[in-house]
Amino acid sequence: MIGGLFIYNHKGEVLISRVYRDDIGRNAVDAFRVNVIHARQQVRSPVSNIARTSFFHVKRSNIWLAVVTKQNVNAAMVFEFLYKMCDVMASYFGKISEENIKNNFVLIYELLDEILDFGYPQNSETGALKTFITQQGIKGQTKEEQSQITSQVTGQIGWRREGIKYRRNELFLDVLESVNLLMSPQGQVLSAHVSGRVVMKSYLSGMPECKFGMNDKIVIDKAGKGGVTDEAGKSDLGGGGSTSGKQSIAIDDCTFNQCVRLSKFDSERSISFIPPDGEYELMRYRTTKDIILPFRVIPLVREVGRTKLEVKVVIKSNFKPSLLAQKIEVRIPTPLNTSGVQVICMKGKAKYKASENAIVWKIKRMAGMKESQISAEIELLPTNDKKKWARPPISMNFEVPFAPSGLKVRYLKVFESKLNYSDHDVIKWVRYIGRSGIYETRC
Amino acid sequence: MTDSKYFTTTKKGEIFELKAELNSDKKEKKKEAVKKVIASMTVGKDVSALFPDVVNCMQTDNLELKKLVYLYLMNYAKSQPDMAIMAVNTFVKDCEDPNPLIRALAVRTMGCIRVDKITEYLCEPLRKCLKDEDPYVRKTAAVCVAKLHDINAQLVEDQGFLDTLKDLISDSNPMVVANAVAALSEIAESHPNSNLLDLNPQSINKLLTALNECTEWGQIFILDCLANYTPRDDRESQSICERVTPRLSHANSAVVLSAVKVLMKFMEMLPKDLDYYGTLLKKLAPPLVTLLSAEPELQYVALRNINLIVQKRPEILKHEMKVFFVKYNDPIYVKLEKLDIMIRLASQANIAQVLAELKEYATEVDVDFVRKAVRAIGRCAIKVEQSAERCVSTLLDLIQTKVNYVVQEAIVVIKDIFRKYPNKYESVIATLCENLDSLDEPEARAAMIWIVGEYAERIDNADELLESFLEGFHDESTQVQLQLLTAIVKLFLKKPTETQELVQQVLSLATQDSDNPDLRDRGYIYWRLLSTDPVAAKEVVLAEKPLISEETDLIEPTLLEELICHIGTLASVYHKPPSAFVEGSRGVMHKRLPARTGSGEGTESPDVVNAAAGSAPEAAPSIIPSQGDLLGDLLNLDLAPSTNTVPPPTTSGMQMGGMDFLGGGLDSLLGGDIVGSPAMGAGFGVAPAVMPASLNAPVGGGLGDLFDLGGGVGMPMGAYIPPKTVWLPAMKAKGLEISGTFARRAGVIQMELVLTNKAMSVMTDFAIQFNRNSFGLAPAGPLQVLTPLGPNQTIEVSLPLSTVGPVMKMDPLNNLQVAVKNNIDVFYFSCQYPISMLFVEDGKMERQVFLATWKDIPNDNESQFQIKDCHLNSDAASNKLQGSNIFTIAKRTVEGQDMLYMSIKLSNGIWVLAELKVQAGNPNYTISLKCRAPEVSQCVFQCYEAVLKN
């Protein structure tokens, strides 16, 4: 299991050091600093073995978090734990920075004592932790409160406490997708996928039971075959703004927040859960079929002699004309020996940024089914470097108001049997946002 | 609040100031001071001098302050054990606090304080907490048992905590179950044979139920534990798989990977024609792909695991090539791993895409990545024959770029392509030769030279090319020198007329001017070959070479199987078995995939296998599937700790094993008394008294296992050696830990000691002495610890013992009190040796003598014992016992009951006679012992039991 956890600043000074196992000595702290943080060559793996001791590390801004062990631990668990640790710290004191860590070191030690016991991760849900790790002491609690805390921390529904009350029961549901593309210069899709997240903010009283439905192909096909009337008919949540008229989408894979009953999903493919309070990520999913690619980039790079390049890039928007894409940015890489650039663009603003070795072209808004063009002349300094320019891909950023995967929310039902509010009393909001992930076209 | 101020400045006299503040009356000031102390502790300053002052702050209502003091205690208690006692009362009191959070905090912290005296006080509170009404306390107490076990394993066993822990597996609270599982798994790992977890269908069912309800971390503990279970048949295997598959949709990647591990392992048992098998295969791919959208560090772990999974079951991901395409912004460690997997998945169907990608990568910035990409192109050519031509032309394009390292990598892989497809692509040689001058890496130079030599007849100026290398012959690396020598000899055999001078030159360079023995040897061999029989030389040197295989860097199958059992863990990241990077006994146990069994057969495995595998209960397959596995088994056992097998661990032990075999065979043929013959005695006599410790384990272990495997089919085995136990814990001996056992090898009693230095300083000047004891055991020589024992070092020593020392009756009879001295102090401990060490080799009585003696010993001296649960038949038992010098003199069968008559002679001349009753089908044996000194009977009986059950 985890033998110890250290936090360092960018210089390699220890900010937090907590050792859980007897086989980890003080020298482990130094070993990591010397061999990883101060290493002459950048370390090329997040796992390193130094003198039969294994170190796992992640970096957040310029802070290093390292876990050390001498045993054959579950490596995936260690990294998941480190991420979780970062989340917990961030929710307690905001950004993970040297200043914040130093200011909260007592709290961090208290957290580390609670969420790792003898190197075994324990309940690390911030909702639960915040009920009893408060930096205020827990003196004033009544016996009932105490046992409520312990039953929440250890219980089946560790993510939600009882007795939550809201005057207005409200639900916000965001479908956030990032669409990834790798395209060849000839316009052939080398790989494309959407990784999406369903993020919810729930402000619901009591212990509500929720059921979430979307246009998952498997569910719809099953319903169609069985002749069951489609629940989508009475859905009040349909909509979105996808251009495609297709009814259902094929989801390659999805993962769920721990509140979702996985066995039920496995057997019936229904998503039911008791939600955490406040904001959380309900599910993640991935699709690869029938993706709507919101933009197409057509590059043309011509080398004119040894000291000049001509670049022409056309972008075409590919969605309903009534919708608007925002925050569009095209990044055209330039060689290292660029001496000067002249740009002409029809729309938006374009600038050559020498420090980033790229021409950055920004367009605020663009409607569907439009196209725009930029052309640039790049002057090069003559070099005798034999190696050719690597031609990194042209990348793109944007935001569109629909889900490129075609996902639609069919329903989200809330049942709370003990309190007297019904599904109809809950105010629900749904939003679809599609963003570019790694959206690249080779040139 | 700006606590960061505590991290600044070190003034002189700071400690004094802190001391004053800690003893201040004002609560706030106290708390501030403790914070300062913790901050100093964090940055590595020694604040142990403040121990009493900090401990004084412990009795407080302020929980924050209390936690800080506890943190301090955990860090420094070990260095101030006497002071730490001061804290005990508060701990004990806190364990009774009405607030469950405080009870848990106390028991959690107490377990982290590794001081003997505190541990004693921990037992009672821990016992209460394990049965606490509050689940939060119980889940903390469960982990505390593991902590205590790490400090004092014996104590945990004696106090019965293990049973309580086992009961917690049926607790109503899922988190308690998860922590109990984690604790038990960890404890079980340090006792590979204890069967502590005792996984059976009922307990598995409980775990699977808890799996649905506990936290993500708890699910990981449970899944990792499940992976150690071997289902009885394919039906059970399938039903577990069905209940584990929903975990594949968990948001936590570690849960997913652990579930994949369970499924990969249990799938082995499913028949391939089963529909469910196909369904399961299909279900595995999507979650594996999803892992690649996690954060980069997790992607890395996932990719290393996918690399294993793809080798074991390529069908799972064969259609998913695209997701492994490298993204421009991937961190380098992700890029390199993806590349590896791309090649593993390359097939005729997707090769065009793969090649296009690889070509793209070859123009990237990172040198390592580019090199690997170029190499990958070559590997594709070798793997997919149809693509070879395109690969070669791609490589040629890359050579045209003239980028130095690209060219060199390309030449190295083209050499391999020539080896795979001879006489096909030699047209490119001219292009290669153009780049001769730019090669500066040995591997590339060697590859180029090989090409020139191999195709000398087609290269007009081959002699000139090779000659150009010859100029700096002595500056080249060995690899290049060897290659150059061979290439020139090849050239000479192909074009003898023009190149005589060249070959003379290289031969003399290799044989006369070189210090390298390999080079010289090769030079001489060629020289002699050429001078005696040039025709033969031609046949040898220009012989047709075997084609190289398609997959060059696959992980060896047995290792792969083991790594599959470790999916998700560090072992799977390193691609090494845990024993390669974990110290001590933990994780040394090798895991194996279960063998496929039909539901009808295999539940009742044949006796022979049972007997053979009886000593290795971890995962004995009831059917040995293939030769490869068998080999693997041998290798595996070879490394296994010698505790569970019966190794005669020296070269002389090997002889003994062999002779026993012969002896046993001859014995039954002639009915004579060969084992005790003088010749044999002499043979044993020459066995070196002190064996070099380093040789013992590996050699002996392997052989022991060989004999052990045969044991069930009637070969006598070596003497029983009890597993090593800790005799002297490090805490009692200022850091020196001694564990050991006794063995009788080749007639010499040996005390086998393992000395571990757990202190910070070097230990030297070891010596050993025994107190007077029942059988006059005494060291026959000094303790052979020749080199000083550094911190964290371990040494194994065999100490030969004689039986001529002073005698005093001990209680129990086989008790031995030992004193060990080193440069630090003298330490005392006592241990018990199995009396079978004293059974001498010539303990076989004549039949008549036996009968007479049996009658002669009064009946009062006869004692009867029961040996329960022994599943050997009488022959196997007799063979086993003979290994420990318990000799069967006669066997009688009366009404299905075998009566074995046996004799034993102790080193001090006492004879023990035995009658063993074995009834077929009844696992309980009855044994009657007769001896003139009846005190030894109890000990002898214990030996029977130990030998038969191991």
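In the predicted model, chain B and chain A together bury about 8700 Å², of which 56% lies on carbon and sulfur atoms. To this contact chain B contributes 108 residues and chain A contributes 91 residues. When the residues on the side of chain B that touches chain A are sorted by class, 51 are nonpolar, 25 are polar and 32 are charged.

Charged and polar pairing across the interface was examined next. Between chain B and chain A there are 13 salt bridges, and one salt bridge joins the side chains of Arg108(B) and Glu114(A), with a distance of 3.5 Å from N to O. Polar contacts across the interface of chain B and chain A amount to 40 residue pairs, counted where both residues have pLDDT 80 or more. On the side of chain B that touches chain A, helix α9 of chain B (residues 135-151) gives the most, with eight residues.

Within chain A, an open sheet is formed by four strands in the order β14-β15-β20-β17, with antiparallel pairing. Because β14 (295-303) and β17 (338-345) of chain A stand at the edges, each having a single partner strand, one side of each is left without a neighbour in the sheet. On average, and with direction ignored, neighbouring strands of this sheet are turned by 15 degrees against each other. Strands β15 (residues 308-317) and β20 (residues 371-380) of chain A are paired in the antiparallel sense over nine bridges, and Lys316(A) is placed opposite Glu371(A) of β20(A).

Terms used
Residues numbered from 1 in each chain as written. Chains lettered and ligands numbered in written order. Predicted model: local features only at pLDDT ≥ 70, side-chain atom pairs only at ≥ 80, totals over all residues. Heavy atoms only, no water. Pairing = 2+ DSSP bridges. Helix = DSSP H or I, 4+ residues; strand = E, 2+ residues; numbered from the N terminus. Axes fitted to C-alpha atoms, helices over the stretch in contact; angles between N-to-C directions. Contact = heavy atoms within 4.5 Å. Buried area = accessible area lost by both parts, 1.4 Å probe. Salt bridge = Lys/Arg side-chain N within 4 Å of Asp/Glu carboxyl O. Polar contact = N/O pair within 3.5 Å; in protein donor to acceptor, adjacent residues only side chain to side chain. Nonpolar A, V, L, I, M, F, W, Y, C, P; charged D, E, K, R; others polar.
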